[in-house]
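Me: I would like to go through a structure with you. Could you take my questions one at a time?

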Amino acid sequence: MRENSESTTREALADFLRRRRDALSPTAVGLEAGQRRRTPGLRRDEVARLANISTTYYERLEQGRGPQPSTAILAGLARALRLDADERAYLFLLAGRAERAVAQPDDAVDPELLSVMHAVTATSPAFVVDDLATVVAQNALHTTLFGRVAGLPGWEGNMLWCWFCSGRWRRTVLNSAEQQEAISRNYVAYLRVIVAERGYDAAAAALVADLRTASAEFSRMWDNHQISREPSPIVSVLDERVGRLDFDYAPMMMSSRSRQRLFLLQALPGTPTQQRLTRLSNVPGDPVSTYRSCVAESGDRP
């Protein structure tokens, strides 16, 4: 299993280098575009020269062969390929020159994240996910809006699976096709970083394989090998009870004891979203009303 993950990581490094080389125009690094280029990007020998390494050594990296590159070589490649901070960190991670995350079991939800999640239930939908974006807890307002997600079997509770493979969730999104494309790219770019941090372990590899099989959109974007840690763009959804709701995804807290993270869906300023959320939370029989009733009966404040 360890050999398989190391092989996959080498392949990912090779693919990442090829993709970034192909995406970098000669003029961006001060070279002439010329008339006889087979690709709009740089040639291997040009990258090698810019990184101050031999062409043969660089070719072996793109073929997934050769020794583990040193930090000096990686720094040279990052400069040559004009990588940003996130891409540079990702390059070092793939090359085994950064500390990988240790996958920890998320059977128990971090109590600190749970406390904050429930504290905002009257005003903001909130949820806790593990690093593979599987929802492990939801507050009442999030459940009212999207139904129960946490605890569903298989990948049914995974946000990426819900986005790429669940028609029910996607149908409620009001974003334009172009905006939905951006959301999809962001999700895939995030997952690229996470699976590298986990060293392409069994759980991460299984999620990627199943998503590729189930979604042509995901598979196409995965092959582009873009990476990002940025939050998802603004998402607008239609709720049949109160109408349009415009949200900004906000990562709120990272657990200190696991790789779980708390997210809030914040009402977009300048929209009637917050007022509509208040109306939604007062609908008789919904989870938020039930939660408030229980709090009132116990004499505690939410």
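This is a predicted model: local features need pLDDT of at least 70, side-chain atom pairs count only at pLDDT 80 or more; totals for chains, interfaces and linings use all residues.

Me: Next topic: how much space lies in the largest pocket, and which residues are closest to its centre?
Reply: The largest pocket holds about 440 Å³ of space. It is lined by 24 residues, and those closest to its centre are Tyr190, Arg229, Glu230, Arg261 and Phe263.

Me: What counts as a pocket or a cavity here?
Reply: On a 1 Å grid over the protein atoms alone, a cavity is a set of points where a 1.4 Å probe fits but cannot get out. A pocket is an open set with protein on both sides within 12 Å along at least five of seven lines, and lining residues have an atom within 4 Å of a point. Grid points are joined across faces, edges and corners, and a volume is the space filled by probe spheres set on the points.

Me: Which element gives the most to the lining of the largest pocket?
Reply: Helix 10 does, with six residues. Strand 1 (126–129), helix 8 (159–165), helix 10 (177–197), strand 4 (243–254) and strand 5 (261–267) each supply at least two. By class, the lining has 14 nonpolar, three polar and seven charged residues. Nonpolar covers Ala, Val, Leu, Ile, Met, Phe, Trp, Tyr, Cys and Pro, charged covers Asp, Glu, Lys and Arg, and the others, Gly among them, are polar.

Me: How many cavities of 30 Å³ or more does the search find?
Reply: Two are found in the whole structure. The largest cavity has about 70 Å³ of space, and its lining has ten nonpolar, no polar and no charged residues. Among them are Trp163, Val235, Val237 and Phe247. Strand 3 and strand 4 each give at least two residues to this lining.

Me: What about the second largest cavity, which residues line it?
Reply: The second largest cavity is lined by Arg185, Val188, Ala189, Met221, Asn224 and Gln226. Helix 10 and helix 12 are the elements that give two or more residues to this lining. The volume of the second largest cavity is about 40 Å³.

Me: Back to strand 3: how does it pair with strand 4?
Reply: The two strands pair in the antiparallel sense over five bridges, pairing being at least two DSSP bridges between strands. A hairpin of three residues joins them, and Val237 has Leu245 of strand 4 as its bridge partner. Four of the five residues of strand 3 (235–239) are buried, so this strand is largely enclosed by the rest of the structure.

Me: Which residues of helix 12 are buried, and what do they pack against?
Reply: In helix 12 (residues 216–224), Glu217, Phe218, Ser219, Met221 and Trp222 are buried. They pack against helix 8, helix 9 (167–171), helix 10 and helix 11 (202–214), where contact means heavy atoms within 4.5 Å.

Me: Where does Arg259 lie, and what does its side chain contact?
Reply: Arg259 is in the loop between strand 4 and strand 5. Its side chain makes polar contacts of 2.8 Å with the side chain of Asp131 and of 2.8 Å with that of Glu197. A polar contact is a pair of N or O atoms within 3.5 Å; within protein, one must be able to donate a hydrogen and the other to accept it, and residues adjacent in sequence count only if both atoms are side-chain atoms.

Technical notes: Residues are numbered from 1 along each chain as its sequence is written. Side-chain values use heavy atoms; hydrogens and water are left out. Buried means under 20% relative accessible area, exposed over 50%, partly exposed in between (1.4 Å probe, protein chains only).
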